[in-house]
Amino acid sequence: MARVRLRSPYPCRWSVTGDGGQGWFPAGAPHRHDFHGRPYFHGDDLTLDVPAEPLTITATRGMEYDQVRTELTPRPGHDHQVRLTPHRIYHAAARGWYGGDLHTHLNWAGDLIAAPADAAAAQHGEDLHVLNLLAGNVSGTRVYDREALAHWIGRDLPWSDATHIARMGAEYRNDLLGHAYAFGLTAEPDRLHTGFDGAPDWPPNAAALAELRRLGALLGYSHPFGQPVRDDDPAKALFGPVARDCSASALVADAALGMVDSLDVLTHASIPATAAVYRRLLGAGNRLAVTAGTDTMISFTRSDNQSNPPGWGRVYARVDGVLTAESFAAAVRDRRTFATTGPWLELSVDGHGPGAVIDAEPGGRLSVTATAIGPEVSAVRIRTADGVRAGAGRLGGGDDALTVTVELDVGEPTYVLAEALCEPHPRTLTATGYALTSPVHVDVGGRQVARGSDVRWCLDWLDLLEDLVRIHARLDAPGQLEDHLELIERAREVYRTRLG
């Protein structure tokens, strides 16, 4: 055996592998593995015992940095020092953008008990600006980390600093109607789940979301959809054979009623399916920010992308002034966001970025530019409510920025957003590399977008939601079904008004 000391000027994610991909770890470090099965741990000055055989040592620091590597064959009984420095691909904070993961767990079952120090090491080792650690139940009524939520609610966790904010948040969970993250709570909510251990699926999710909002929370539906769908698929394609599959069944109603601020399009579930639903919601007149919530669980060491480090998918928000939990939440509410598995993505519509609302005149023109940066980027595209309007691509990826521009004629109200498509790449820690901006909304003559086909798609969804509740909801008292049906009908009225 030999000993290796690993050093970097800032905390990093390290991987030390030997023959056959065998991982080696510092003493006491959990043996974590990412989506690709690679071992990893975090720190800036670490010592570990290793065999006297050829080793590959890599270091990186989240999606804003490249990966550096070296080969080492240690001499038996000797000490070796390795110093690696990942370099930036882009510097978001220097542009006023800060990246967050709005759905992570410190403890959520798993194969170990995670300590706050594990979350601190991961956040700084990934240079993740905002970390939302959610208290939540699993399959019964026990809420993991509820004591931490009660103790730290409304306050930054101890390892926070000027560019890294960590908070305890909450996941509201109903497996029939959907799960939602809450960030920035100022007090502990009364209810964090319904429908477990024989409890009724009541009240509707909207009631719990209303309470969380009164307590100051930024809200969004998490890991919304796992069913593979295409843009032109009917709403029923999202309703699978299993009723309680955690899909965001109540999303279309709650979005119409203004109960949520965002949708986690970047997620451990299906990114393409959720992006398709997100565009439907935008086209139907809902104004939601795109966000990212990975559902990373620090208490898991080997569980597909959920044992990845937090922040493998991020929502970047353009913050006004100093980074705080409050300024970050305000930026997301204003939809000044893009979400990504790695690429940097910019959108400009006549000089306006994501979240802006342009009041345009019929017959005018809009100049649109989108730019993506990242070695995995294969294409960048500009979309409106009518679909893809322009795009540029390349083979093999590359480090250079990829830009597309287009002049759009103003006719009906619409939205404009940008997306980046990706080739498979080692730094993409899930099955689909992708980036998507929140839209710039283009109103025309005071009218907002309400594309007929998208509105009717949402109305079809509400019919399916009503059937789901009538057939599968556990309800045990008079009036509970009526509460669900009344909420669904209110959402229908919103969409019918938009159709008119």
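Entry 1, cavities. I began with the second largest cavity, which is lined by V229, R230, D231, D233, P234, L238, A276, V277, R280 and W457. By cavity I mean, on a 1 Å grid over the protein atoms alone, a set of points where a 1.4 Å probe fits but cannot get out, and lining residues have an atom within 4 Å of a point. I noted that helix α5 (residues 271–283) gives the largest share of this lining, 3 residues. Helices are DSSP runs (H or I, at least four residues) and strands likewise (E, at least two), numbered from the N terminus. I recorded 6 nonpolar, no polar and 4 charged residues in this lining. Here Ala, Val, Leu, Ile, Met, Phe, Trp, Tyr, Cys and Pro count as nonpolar, Asp, Glu, Lys and Arg as charged, and the others, Gly among them, as polar. The space in the second largest cavity is about 50 Å³, a volume being the space filled by probe spheres set on grid points joined across faces, edges and corners.

The model is predicted: local features need pLDDT of at least 70, side-chain atom pairs count only at pLDDT 80 or more, and totals for chains, interfaces and linings use all residues. Residues are numbered from 1 along each chain as its sequence is written, and side-chain values use heavy atoms, with hydrogens and water left out.

I then turned to the largest cavity, with a volume of about 60 Å³. Its lining includes L177, P204, D254 and H484, and α8 supplies the largest share, 3 residues. I counted its classes as 7 nonpolar, 2 polar and 1 charged.

Entry 2, sheet. I found an open antiparallel sheet of 3 strands in the order β18-β20-β23. β18 (344–349) and β23 (402–409) stand at the edges with a single partner strand each, so one side of each lacks a neighbour in the sheet. Strands pair if DSSP finds at least two bridges between them; β18 and β20 (residues 365–373) have 6. In this pairing E346 stands opposite T371.

I looked up the peptide bond from W202 to P203 and found it cis, with omega near 0°. I also noted D295, not a glycine, with a positive phi near 60°. D295 is buried at a relative accessible area of 5%, buried meaning under 20% (1.4 Å probe, protein chains only). R335 likewise has a positive phi, of about 65°, and is buried at 14%.

Technical notes:
On a 1 Å grid over the protein atoms alone, a cavity is a set of points where a 1.4 Å probe fits but cannot get out, and a pocket is an open set with protein on both sides within 12 Å along at least five of seven lines; lining residues have an atom within 4 Å of a point. Buried means under 20% relative accessible area, exposed over 50%, partly exposed in between (1.4 Å probe, protein chains only).
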